[in-house]
Every structure is written in C-alpha cells, then in structure tokens.
Amino acid sequence: MISARRFSLASARRITALLALLLSAFYVTNAWQTLSLGRWHKPGAAIFPIALGALLAVSGLSVLLAAFALYFLVMPVIGNMMASVLFLFASMWLLSDDPGRSLLRLAIYAIAIALSFEWFFVRLLKVQMPGGMFRQWLF
C-alpha cells in the first residue's frame, strides 16, 4: 500500500532550495564579517565568497540541484566558461514565464553574464578556473 503522504519531487526541491538559501546566507554573512571587502581598485578577500554565496542563492532559488551538480561535473571537461553559459541558459529558460518566447535572447544573456564573470574573476581577480578543452579559444 502506497502512503498518501509520499515524499514527492516537488517537496524535495523546495527543501533543497531552502537548504541552499540557508547555506548561502550563512556563507555570505560569515565572509562579510570575517574577511575584508577591500576597495574598488584593490578588492579584498571577501569578494569571491560573497559572489559564490550569491550564486548559491540564485541556484537555490532556481531549484535546479541536478543542473547545479552537472555544472560542476562538466566544468573540468568543457571549462568554466562553456559550463557557465550552459548552466545560465538552462536556469533562465527553466525560470522563464514563457520558455518558448526568445531562446536567442536567453542565449545572449547567458553569454554576456558568463563573459562578465570570466572577466571579473579569472582576469581581474586571478581566480584559477578550469579551462577545459576550449581554453585555447578564450581570450
């Protein structure tokens, strides 16, 4: 006999999203209190953890635990830039109120955001990220 109160996928996603939001809030608060933000021309150590916490919060809100896990699994193979573009595109498409409206616009947004993060973290802050097989074509 199957219980009427089964643990459904929708409730598991909600619990996962809440857990991700709580973890990101803790991580950002901890980084904000213990690390230096620095200045615009010389960023401090807190910038990267706060940005990471914000990304975790966005991921929690998008309720895409499977896509988030795939993002980290494929990143060493195809590189940070390509994995970020695919993850951002999938997130925006799944969160869109009308998924069929403009895939080209979503792709452009995903590419622009991934390029911005690549420039800020990898080029400006010198954070080492996996290049994958496409590294020779990037900047």
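## Ground rules

Contact here means heavy atoms within 4.5 Å. This is a predicted model, where local features need pLDDT of at least 70 and side-chain atom pairs count only at pLDDT 80 or more, while totals for chains, interfaces and linings use all residues. Residues are numbered from 1 along each chain as its sequence is written, and side-chain values use heavy atoms, with hydrogens and water left out.

## Overall picture

Take the contacts in the protein with a separation of 6 or more: 54% of them come from residues 24 or more positions apart. The protein has 5 helices and 0 strands, running α-α-α-α-α from the N terminus. Those labels are DSSP runs numbered from the N terminus, helices being H or I of at least four residues and strands E of at least two.

Areas come from Shrake-Rupley with a 1.4 Å probe, and for residues only the protein chains shown count as cover.

## The cores

A nonpolar core is a set of buried Ala, Val, Leu, Ile, Met, Phe, Trp, Tyr and Cys residues joined through side-chain atoms within 4.5 Å. The largest one has 6 residues: F68, Y71, M75, I78, A83 and F87. Two elements, α3 (65-78) and α4 (80-95), each give two or more residues to this core, and α3 has the largest share with 4. Apart from it lies another core of 5 residues, including M81, V85, L88 and A110.

M75 also has partners beyond four places in sequence: N80, A83, M129 and P130 are in contact with it.

Y27, L52, L55, L104, I108, Y109, I113 and F117 form a nonpolar surface patch with about 710 Å² of accessible area together. Patch members have over 30% relative accessible area and no salt bridge; nonpolar side chains (Val, Leu, Ile, Met, Phe, Trp, Tyr) are joined within 5 Å, like charges within 9 Å. A salt bridge is a side-chain nitrogen of Lys or Arg within 4 Å of a carboxyl oxygen of Asp or Glu. Both α2 (47-62) and α5 (103-124) supply at least two patch residues, with α5 giving the most, 5.

Just after α5, K126 takes a positive phi of about 60 degrees.

Definitions and conventions. Buried means under 20% relative accessible area, exposed over 50%, partly exposed in between (1.4 Å probe, protein chains only).
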